Every structure is written in structure tokens, then in C-alpha cells.
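This report looks at the inside of a protein chain: what is packed away there, and what space is left open. Please keep the structure in view while reading.

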Amino acid sequence: MKIETIAIHAGNHTDESTKAVIQPIVMSTTFERAADGSYPSGYIYSRSANPNRTQLENVLAKLENGADAAAFSSGNASGMTVFQSLKPGTHIIGPDDMYHGLRNQLKNLFAGILEFDFIDVNDEMVLQDHIKSNTGLIWLETPSNPLLKVTDIKKVVKIAKSHNIKVAVDNTFATPVCQQPLALGADLVMHSSTKYFGGHSDLMGGVLVTAEKNDWWTKIRDVQGYGGAIPSPMDCYYITRSIKTLPYRIKGHVQNAQLMAAYLEKHPKVESVMYPGLSSHPQHETAKSQMSAFGGMLSFCVKGGSDEAKRVINKLKLFTQATSLGGVETLIEHRASVEGPDTKTPHNLLRVSVGLEHIDDLIADLEQALL
Ligand SMILES: *Cc1c(COP(=O)(O)O)cnc(C)c1O
């Protein structure tokens, strides 16, 4: 089945007792046992499993073409689960522009437990140089946040496999509509479902999808069950509901982002535009080879430095100045000041989560703000 069909059907389950077409939300934390002590519904206690979470996990696994999926209470909780599932002393290689929330999680919570290096994973020599005997995981994020750098997943997988190292990909920016890392050889996919899966800036969630049900996945399920960083039945319901429109929302985001990137690239007040769909993007060829569409995120650098970038933000009327991404409304953000003093993000860079408003209205707003 195609992704539009999967998104609508794989997460729904018509209720047997009421025949409700849309699966009801099961708020019960506990499930009644039979006279012989068995569990006739298969459910025991909601931290271990809940019908709404099961359906969400079903559709997520199918969207990424994986063997199984696990849902969490936030993207960071899903990342934390990966790190907690590794043997203490394991060395992780991550990108030097890894999502700052997860980079800081490793630095602040896992120092002394895991080893990690943040490097330019696009440089094959640098990558080879950092592989050690205890390297167990290469973490990728492509396109990356906020520089929209694209990493050749197949190439990294080939290097990793030759050293028996696992590869996990943060696929939040691309979504499975644009890119499917498991098909390119990755072992694990991670998402913040707070972003495009939720799609309306009103819920938090995280996801892991595995290529195969192996010992590592069993450990990940253990961390999910014992750790308990699970989404509520209500949140699972909302994410499952939003996923039904994900493929069509992404088509709109991609179309608007491509047009906005082309507009900005020609603007005299703009120094540079970072969008994988532009032929000027340094990894455009790699992006074309592994993505079916280039996503709804772009960044651009304004001529005149940080002050000028902030002036543009404040003149925009339709773009909301806020962090996060993936919602129907367009958001813009001065990324360096969110990431903190050790950021490597240029101070004149603005990151845009291109929404689903009409592109003419968005461009008219940019036109008056860039004056
Ligand atoms: C937001 C985000 C995360 C973290 O997800 P939360 O839901 O905020 O915990 C991880 N990676 C990327 C690329 C993100 O954009």
C-alpha cells in the first residue's frame, strides 16, 4: 500500500463491541482478568501497553517500513531510551550539529556513563578516524537542524556495518513521507512526533522504529516499560488522528518551502538560503538520491548580521516568532539565541518552519519585512 493509505488505515481499529468506526480512547489504566487469571484482551496495565498506543505504534512501524515501533512522551524521551539501552562505556558518534536538546542530554546526563564525539559525519576520513573498538552507535540527523545539512545515509551505513556499529537516524525533519532511513540500511529511526506527526503544535511525543526485532529492540522495549516515559492514551489518539493527514500536509509544506526558498535565494537582502531542494545546496545530489521530497524546513542568513536578522523577525506579521516546527502555521526563529552561548549557528541565521498558509501571503509578508 502507498503511504497515503497506510496513514489513514494502519492506525485505526473499528471497535468490536460498539462498532464505532474510529477507535475509542481507552483511559483505563488497568484491564480485567478472566476467572483463570489470564488476560483475555491481551492488555494488563497501561504502562506496558494500551490499545491507543498499540494502534499508534502499528501505524508508525508501517509508515517507516519497520518491524516494530515504540511511542514515547517526547522526542527527547525516545532519544534517552536509545542511550539508556546501550551498555555503559559504549562510544557514540553524533553529528557536530546534532539537535541541541539531545546533544545536551548526552553531555549533562550521560557523561561518565557513555562516551561520545560530535563530529562532521559527512567527512568520511573524520568519521573513520573517530571509530574506536567500543563504538556502538552512529547517530545521524538528516536534514540537520538548523543548517539543513544532508548526510549520505547509505555511505555511513556501509562504514558502520564494516565495524559492526548500529546506525540510528533522527528523521524528524524529513518524515517518512520524504525519506525512509530503514530502507537505506539504518537500524533505527527516531522522531519527535511533537513536530510533523502531531502537526498542530499542540502535543508532545516521540517515536522509535526498528528495522528488526532483535536483542537491542528487546532492551529498548524494556526501557520503555520500566522507565515509563510513555504518551497518554489521549495523546496517542491525537497523534494517530493527525497522522491520517500527514502525507497531504507534507505535500503542502514541501511545495511552500520550495517556493519560499527560491524567492529568498533571489532576494538582495539575503546572504544565503539552506534548503536541500535548491540546486545550490552543497548536498543537493545526495538529497535527491535519498529523499523523495525535500521537507518543509529552511534556514536563511540575512545580510547585515544579528541585529538585521532580528529586525526582519519583528517586522513579519504572519510568521510567528517561536521555536519548534512542523505545525500548520509558519514559525520563524533566531536559532543562535535559542541554542545558547556555545552555539555554532551563524548569528544572522533565521530558521523557518514553512506552514500551510497560501504561499502568496507568506511571500508578501517576507517582501515587506525584508524592505
Ligand atoms: C524537537 C526535536 C527533537 C526533540 O523532540 P521533543 O519532542 O522536543 O522532545 C529531536 N530532534 C529533532 C530534530 C527535533 O526537531
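A residue is called buried when its relative accessible area is under 20%. The model shown here is predicted, and by this cut-off Cys236, with a relative accessible area of 0%, is buried. Cys301 is also buried, because its relative accessible area of 4% is under 20%.

How many disulfides does the structure hold? A disulfide is a covalent bond between the sulfur atoms of two cysteines. The structure holds zero of them.

Cys236 belongs to helix α9, which spans residues 233-243. Along this helix Pro233, Cys236, Ile239, Thr240, Ser242 and Ile243 are buried, and what covers these buried residues includes helix α10 together with α1 (3-9) and α2 (51-63).

In soluble globular proteins, nonpolar side chains tend to be buried together. The largest nonpolar core of this model has 82 residues, and the members that touch the most other members are Ile243, Met260, Leu264, Leu298, Phe300 and Leu366. Helix α10, which covers residues 246-266, gives this core its largest share, namely eight residues. The core also draws on two domains, with at least three residues coming from each of domain 1 (3-241) and domain 2 (246-370). Apart from this core there is a second, separate one of 21 residues, and among them are Leu106, Trp139, Ala168 and Leu208.

Which residues does Phe300 touch, if those up to four places away in sequence are not counted? The contacts of Phe300 include Leu264 and Leu366, as well as Val270, Val273, Met274, Ile332, Leu349, Leu350 and Val352. Ser272 and Asn348 are touched by Phe300 as well.

**Spaces within the model**

| Space | Volume | Lining residues, among them |
|---|---|---|
| Largest cavity | about 60 Å³ | Pro95, Asp96, Ile119, Asn122, Lys149 |
| Largest pocket | about 300 Å³ | Asn76, Tyr99, Ser192, Lys195, Leu325 |

The lining of the largest cavity also includes Asp97, Asp120, Val121, Glu141, Ser144 and Thr151. The largest pocket is lined by 22 residues, of which Asn76, Tyr99, Ser192, Lys195 and Leu325 are the closest to its centre. Where in the chain does the lining of this pocket come from? At least two of its residues are supplied by each of helix α3 (75-84), helix α4 (100-109) and strand β6 (188-192).

Note on methods. Residues numbered from 1 in each chain as written. Predicted model: local features only at pLDDT ≥ 70, side-chain atom pairs only at ≥ 80, totals over all residues. Heavy atoms only, no water. Disulfide = S-S within 2.5 Å. Buried < 20%, exposed > 50% of the residue type's maximum accessible area, 1.4 Å probe, protein only. Core = buried A, V, L, I, M, F, W, Y, C linked by side-chain atoms within 4.5 Å. Helix = DSSP H or I, 4+ residues; strand = E, 2+ residues; numbered from the N terminus. Domains from an automatic or database assignment. Contact = heavy atoms within 4.5 Å. 1 Å grid on protein atoms, 1.4 Å probe; cavity = no way out; pocket = protein on both sides within 12 Å on 5 of 7 lines; lining within 4 Å. Points joined across faces, edges and corners; volume = space filled by probe spheres on them.
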